[in-house]
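Subject: Structure for your review

Dear colleague,

Please find below the structure that I am handing over to you.

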Amino acid sequence: MALEAIRYRRGSLAILNQLLLPEQLRYEPVASVERAWVAIRDMEVRGAPAIALVGCLSLALELAAGEGPASDVEGLVAFVGERLRVLATARPTAANLGREAERLREVARRRAEGEGVTAEALRESIIEHIEGLLAKDLEDNRRLGAHGAGDILRRVPVPPGGVTLLTHCNTGTLATAGYGTALGIVRALHERGRLARVFCTETRPYNQGGRLTAFELRHDGIPATLIADSAAAAAMCHRGVQAVVVGADRVAANGDTANKIGTYQLAVAARHHGVPFYVAAPSSSCDMTLAGGTDIVLEERPGRELTHLRGLCLAPPDIDVWNPAFDVTPHDLITGGIVTEWGVFAPAELRHALAERGAAAGGQ
Ligand code: MRU
């Protein structure tokens, strides 16, 4: 059975509680925007696309339950805007929720202006728009995976047993509607019989690599080796890593990319070893309103995530802690390219490539 981070049908939304993985597979109902906000902030659900999907679907749920004005079109547009503003405050770095919120406001405003539109029709069209996001994310990921796999196979010498990759954090089914972004590239290579092995980093302090990616790769029978974050440069040097593929929370116009803390040091190590470094970023993670990485807000999380692991004390609890959840990889270290659903682009080409395809908006 395929792993699913999100289970949705009209009137019902449940998320796989990722705090409990890999020990327990437990789905939790999400019945309101406020509950989605807590699930996102506490990282029961995480990963830039999954955050956006759960946020928007929680709004669809409220609309389907008749929340908001019943017959006032303008009031309904205002209600949608207000609920999206609440959701936007849950976590600041990932672009996707802000992007989708912006589109949704636009959809709501445009349809509200239609002649003779009723609040009921508007409500239905907003719900339908949100429901369409699940299939779109899955389709975008499959396209992104195929582009990334093709590029890697063209770029690196492919041994008979396939290529060896390294990935960070979790960018798979658990972080998206399905298939995954960077892990989608891994999956696409595996499906083509061209993947020898993927090394996945543990991804301290939250262990998305150990708890989630390793679990997902085992679940899907993809050959994988778990390493400590501190073993990554050694794996590049001694274990034949041929390309690094990571996800993105927000890509700025110059290609600078915010992703899980530790991504930057992987890019530095990859440069040292001459290993191509790829960022998998659907256009929904690209924010062309920001010139560069210094403009990206980087979330800092509670120190307790470093000092404690599931209640076990790993460090003096009163030690001063700096716990940034993300870092920025400068565009010049993204030597493989930025892989989108439209193709693989050099960081310098990204803005133009997205603008040409009408996907260049962004931001909160
Ligand atoms: O803090 P998280 O687990 O939400 O961070 C996730 C990442 O950094 C992912 O690489 C990113 O969101 C892309 S997921 C397709």
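Predicted model: local features only at pLDDT ≥ 70, side-chain atom pairs only at ≥ 80, totals over all residues.

Residues are numbered from 1 along each chain as its sequence is written, and side-chain values use heavy atoms, with hydrogens and water left out.

The mean pLDDT (the predictor's confidence in each residue, from 0 to 100) of the protein is 96, and 98% of the residues reach 70 or more. Confidence is lowest in strand β11 (residues 308-309), with a mean of 92, and highest in strand β7 (residues 243-246), at 99. Strands (E, at least two residues) and helices (H or I, at least four) are DSSP runs, numbered from the N terminus.

The protein is divided into domain 1 (6-137) and domain 2 (144-362), with bounds that come from an automatic or database domain assignment. Their C-alpha centres lie 26 Å apart. In contact (heavy atoms within 4.5 Å) are 30 residues of domain 1 and 33 residues of domain 2. Between them the domains bury about 2500 Å², 49% of it on carbon and sulfur atoms; buried area is the accessible area (1.4 Å probe) that two parts lose on being put together, summed over both. On the side of domain 1, Arg46, Thr93 and Arg99 lose the most area to domain 2, together 26% of what that side buries.

Across this interface there are 2 salt bridges, each a side-chain nitrogen of Lys or Arg within 4 Å of a carboxyl oxygen of Asp or Glu. Arg91 forms a salt bridge with Glu299, with the closest N and O atoms 2.9 Å apart. The elements that give two or more residues to the side of domain 1 touching domain 2 are α2 (48-64), α4 (96-112) and α5 (119-155).

Some backbone details also deserve mention. The peptide bond from Leu21 to Pro22 is cis, with omega near 5°, and Pro22 is found in the loop between β2 (12-16) and β3 (27-29). Arg204 and Pro205 are likewise joined by a cis peptide bond, with omega about 5°; Pro205 lies in the loop between β5 (195-201) and α7 (208-219). Cys169 is not a glycine, yet has a positive phi of about 60°. Cys169 is placed in the loop between β4 (163-167) and α6 (182-191).

Yours sincerely
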